[in-house]
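Open the model in your viewer and keep the selection tool at hand. This tour moves from one stop to the next.

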Amino acid sequence: MKQTVLHNDEIAPGVFWLGVDRKHDFKAGQTVKVGLGDDLPPRIYSICSGNKDAELRILFNIKEDGALTPKLAKLKPGDEVRISEPGGSFIGTPEPAVWIATGTGIAPFFSMLKSGLRTDAILLHGVRRTDQFYFRDIWEEMLGERYHRFCSGEESAGAMRGRVNCFFDVHEPPEGRRFYLCGQASMCVEMRDLLIARGVPFTDIVTEIYF
Ligand SMILES: Cc1cc2nc3c(=O)[nH]c(=O)nc-3n(C[C@H](O)[C@H](O)[C@H](O)COP(=O)(O)OP(=O)(O)OC[C@H]3O[C@@H](n4cnc5c(N)ncnc54)[C@H](O)[C@@H]3O)c2cc1C
């Protein structure tokens, strides 16, 4: 569906939060396909806004040598973009949750938060650089002590140095919660194996891999 870009804000170097009118209902955690109506196949993006918001937003980072994201980054308000109907099965539920993300994999959890799901969730966010803790103020306000940051590439005040897996060096996986993993394939696979090895039933682990 053709849509007009309303916003395309660079919220960190090379990372954009693009918004269009929300035309459809969706469940927090779902994705849309995004393209430019040229020969290039569309790519999939998690919706990064609340399901009652007037705008539908996505969060993407420019991939060096990527085919679509450098073009998406150049879009200005008023330009045209193609956005599909929402789909996908990575859907937030009302059960207590642990949300685990790398990089822009934070997007579906932001949608879950903004859609009123699980403000008692525990969030683990792993990034390379301090400026990649997207929406940090909001997480701090909404989740407080349940918001845990991990920075692998540099020292970052208030964040643990290393990857998200470090959390489980010092904590047992909390019981009675569903684990949602989103982002890099390596993180999702390693984290799933770690959680299963530590006694979490695989039926309590839900994964969305960005590739
Ligand atoms: C379910 C799902 C949800 C997603 N949600 C998000 C999201 O919310 N935010 C987000 O930022 N991304 C998300 N992604 C990833 C997104 O769909 C795109 O893959 C990403 O944005 C890259 O797009 P691109 O066209 O710029 O790069 P591409 O052209 O697809 O290239 C990606 C990388 O692969 C390399 N590459 C390309 N072709 C080859 C080749 N033949 N051999 C070796 N290397 C190659 C490129 O150099 C580049 O570094 C999601 C993916 C999935 C599957």
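**Stop 1: a strand inside**

Select tryptophan 99 and tyrosine 180: the tyrosine, in E12, is the bridge partner of the tryptophan. This is a predicted model, where local features need pLDDT of at least 70, side-chain atom pairs count only at pLDDT 80 or more, and totals for chains, interfaces and linings use all residues. Residues are numbered from 1 along each chain as its sequence is written. Strands (E, at least two residues) are DSSP runs, numbered from the N terminus.

Now show strand E8, residues 97-102, with strand E12, residues 178-184. They pair in the parallel sense over 5 bridges; two strands pair if DSSP finds at least two bridges between them.

Is E8 buried or exposed? 6 of its 6 residues are buried, so E8 is largely enclosed by the rest of the structure. Buried means that 20 or more other C-beta atoms, placed from the backbone, lie within 10 Å of the residue's own. In a regular strand the side chains alternate between the two faces of the sheet. Colour Ala97, Trp99 and Ala101 for one side of E8, then Val98, Ile100 and Thr102 for the other. Both faces are covered.

**Stop 2: an open sheet**

Select E2, E3 and E6. These 3 strands form an open sheet in the order E2-E3-E6, with antiparallel pairing. Strand E2 (7-12) and strand E6 (55-61) stand at the edges with a single partner strand each, so one side of each has no neighbour in the sheet. Zoom in on E3 (residues 15-21) and E6, which are joined by 7 bridges. Aspartate 21 stands opposite glutamate 55 in E6.

**Stop 3: two domains**

Colour domain 1 (2-83) and domain 2 (97-210); these bounds come from an automatic or database domain assignment. Their C-alpha centres lie 23 Å apart.

**Stop 4: the ligand**

Which residues are closest to the ligand? Select Asp65, Gly66, Ala67, Leu68 and Thr69. In total, 21 residues surround the ligand, each with its C-beta atom, placed from the backbone, within 6 Å of it. Domain 1 and domain 2 each give at least three residues to this shell.

Terms used. Helix = DSSP H or I, 4+ residues; strand = E, 2+ residues; numbered from the N terminus. Buried ≥ 20, exposed ≤ 12 C-beta atoms within 10 Å, placed from the backbone.
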